[in-house]
Amino acid sequence: MGLNLAQKIIKEHLISGEMVEGKEIAIRIDQTLTQDSTGTMAYLQFEAMGIPRVKTKKSVAYIDHNTLQAGFENADDHKYIQTVAAKHGVYFSRPGNGICHQVHLERFGVPGMTLLGSDSHTPTAGGLGMLAIGAGGLDVAVAMGGGPYYLTMPKVCKVTLKGKLRPWVSAKDIILEVLRIMTVKGGVGKIIEYAGDGIKSLTVPERATITNMGAELGATTSIFPSDEVTREFLKAQGREEDWVELKPDPDAVYDEELEIDLSSLEPLAAKPHSPDNVEKVKDIGKIKVDQVAIGSCTNSSFMDMMKVAKILKGKTVHPDVSLVIAPGSKQVLTMIAKNGALADMVAAGARILESACGPCIGMGQAPKTNAVSLRTFNRNFEGRSGTKSAQVYLVSPEVAAVSAITGVLTNPEEFGEAPQVEMPSEFIADDNMIVPPAPEGEEVEVVRGPNIKPFPLNKELENEIGGKILIKVEDNITTDHIMPSNAKLLPYRSNVPYLAEYCLTPCDPDFPKRAKENNGGFIVGGSNYGQGSSREHAALAPLQLGVKGVIAKSFARIHMANLINSGIIPMTFENEGDYDEIDMGDEIVIENIIDQIKSGSRLIVKNKTKNKDIPVNVSLSERQVEIILAGGLINYTKKQSK
Ligand code: F3S
């Protein structure tokens, strides 16, 4: 049986497991990327592993999210990332060099390789034929240390693109159509593989617009074949030697199939407040527009900018519209500055922003109250723009530029002739804003501002553990209870000791103090303990306070995995009624725990205060047993790398 493209790359990188849908597999990671907002934590975790140099083929640290320097915190984070990258063999893309996914496509992506990034839009590189997956910071740290990435073998869904787009219809409309059909949940547990004669007419940046928003489908990743179009792009970037041809076998099998006739598509928009709330622009009608924002990792390529500049040339932005444009990278900005397109944008009244995420991550340009904002971005959740009452529509650069001139949402097909833009045969490729790692890492001193604190690390599991029940909580405790995340605490992402002072305080303000006075101990929880977000800090803060285990009626899946990664033992009551047999302040002990964990899933917790044995279960895979014994994933990876 032939293999599809996704299976071919997975097979090439498979370390363990079987390529059977739904089974756990482990793959080797060739490249990693981080951005600054998740990067600080990923590098703190990597440092904690004690591995001197990254073991990937290439790892890159980008600064593109928190580029606003209203206080010292962001600037401190940037300097820390720059120096830690230099020390450990990571390339550093300086602030101003561009959005991680745009720059990675231009300068680093290689067809057929695997890329793990601590950003959900990492699949953008699938436009180049990479198997590119977004993951948590710890997963990326482990990959940098040479560890595999574990995932559930996804289904592979083939999307066949037929025919050619009409003028004024663009790649953005293709992915909006896929979102309309599949919805924001439709891609969960799947890889979306694009095929068909229609892909030949799409350049690599256009393909990347489509794979970028595969994240909004909830897909593991999206991928295009690597063909002559890919070769032309890499050649124009001066990297033709990175090209390899990649295509599915002729008899490849897919789990699902979908077909889209490109010639039938019309300009589309995702209405507030979901990327799958898609309708034809002409059917939405001419609503008044207050703001137009062009850029983001979805639509900020050279070709996108050229289309916008050609539409704006000789025109003036409507007096009621604020038009902001953020070119995706220094390369794009340099090229439009040199060929005069930037001057056309400025002359028309556009406000030019630095090459960064900017308004997409809420760094400035919040629209006015009740505003209608047209954005070429990938997400329009309520409040993401910074203004709760704003109505954000996701559109193509063409719809955005035309509407900026008319002042109302406009179907560009009514606007005249569509701009023609060719991909250049040569991009201006100057990597002077990418700092290569220091050849001798040992000599680099890592600069840690006051906000950068070492990462808490557990110890190897001892054969007997014991201590006090530090807190007993009810059912449905969320990660927000365990580790609150509010605007006040957000700048302390890289300062776990500070954050730990707020751990479980919504349940009991004295918990952190009590935990420290007792040198750690145990938590007792009800059902569904740790529901909510995937926040790693909800396990790191208890670890910082010395928590050794949590005994609950049941756990939320992701929080349980995060506890295991921190070396904190998640235990469930064998008899739920035993929840009543254990109280705050009770002294417990678990004897001979290593043998008990190795030989099965049942442990005996001795409640010394109440003189009662409480049977509990631990449900761990073989690998998770090793992680718990090593004292967490970081220690485990450290051991494996030796
Ligand atoms: Fe940045 Fe927005 Fe993309 S925050 S990485 S431009 S989704």
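**Exercise 1. Between which strand and which helix is the loop that holds Gly-526? Is Gly-526 buried or exposed?**

Solution. The model is predicted; local features need pLDDT of at least 70, side-chain atom pairs count only at pLDDT 80 or more, and totals for chains, interfaces and linings use all residues. Residues are numbered from 1 along each chain as its sequence is written, and side-chain values use heavy atoms, with hydrogens and water left out.

Step 1. Gly-526 sits in the loop between β22 (521–525) and α17 (537–544). Helices (H or I, at least four residues) and strands (E, at least two) are DSSP runs, numbered from the N terminus.

Step 2. The relative accessibility of Gly-526 is 0%, so Gly-526 is buried. Buried means under 20% relative accessible area, exposed over 50%, and partly exposed in between (1.4 Å probe, protein chains only).

Step 3. Phe-555 is 29 residues from Gly-526 in sequence, and the C-alpha atoms of the two are 8.5 Å apart in space.

Step 4. UniProt, in an unreviewed entry, lists residues 521–576 as "domain: Aconitase A/isopropylmalate dehydratase small subunit swivel". UniProt positions are given in the numbering used here, feature names are shortened, and annotations may be inferred rather than shown by experiment. Over residues 521–576 the chain is 30% helix and 29% strand, with end C-alpha atoms 21 Å apart.

**Exercise 2. Describe strand β15 and the strands that pair with β15.**

Solution. Step 1. Begin with the two faces. In a regular strand the side chains alternate between the two faces of the sheet. In β15 (residues 291–294), Gln-291 and Ala-293 lie on one side, Val-292 and Ile-294 on the other, and all are buried.

Step 1. Strand β16 (residues 322–325) pairs with β15 in the parallel sense over four bridges. Two strands pair if DSSP finds at least two bridges between them. The residue opposite Ile-294 is Ile-325 in β16.

Step 2. From β15 the chain passes through helix α10 (residues 302–312) to β16, in a right-handed β-α-β crossover. Right-handed means that, with the strands pointing away from the viewer, the path from the first strand over the helix to the second runs clockwise.

Step 3. Strand β18 (residues 372–375) is also parallel to β15, with three bridges. Here Val-292 has Leu-374 as its bridge partner.

**Exercise 3. Which residues surround the ligand?**

Solution. Step 1. The surrounding residues are His-65, His-101, Asp-119, His-121, Ser-296, Cys-297, Cys-357, Cys-360, Ile-361, Asn-378 and Arg-384. A residue is near a molecule if one of its heavy atoms lies within 4 Å of it.

Step 1. By residue class, the shell has four nonpolar, five polar and two charged residues. Ala, Val, Leu, Ile, Met, Phe, Trp, Tyr, Cys and Pro count as nonpolar, Asp, Glu, Lys and Arg as charged, and the others, Gly among them, as polar.

Step 2. Domain 1 (5–264) and domain 2 (268–413) each supply at least three residues of the shell. The assignment also gives domain 3 (465–641), and the C-alpha centres of domain 2 and domain 3 are 46 Å apart. Domain bounds come from an automatic or database domain assignment.

Step 3. One of the shell residues, Ser-296, is in the loop between β15 and α10. Ser-296 counts as buried because its relative accessibility is 2%.

**Exercise 4. How many bridges join β26 to β27?**

Solution. Step 1. Strand β26 (residues 602–607) and β27 run antiparallel and are joined by six bridges. Lys-606 has Asp-613 in β27 as its bridge partner.

Step 1. The two strands form a hairpin with four residues between them, and Asn-611 in the turn has a positive phi of about 55°.

Step 2. Strand β24 (residues 569–573) pairs with β27 (residues 612–617) in the antiparallel sense over two bridges. Phe-573 is opposite Val-616 in β27.
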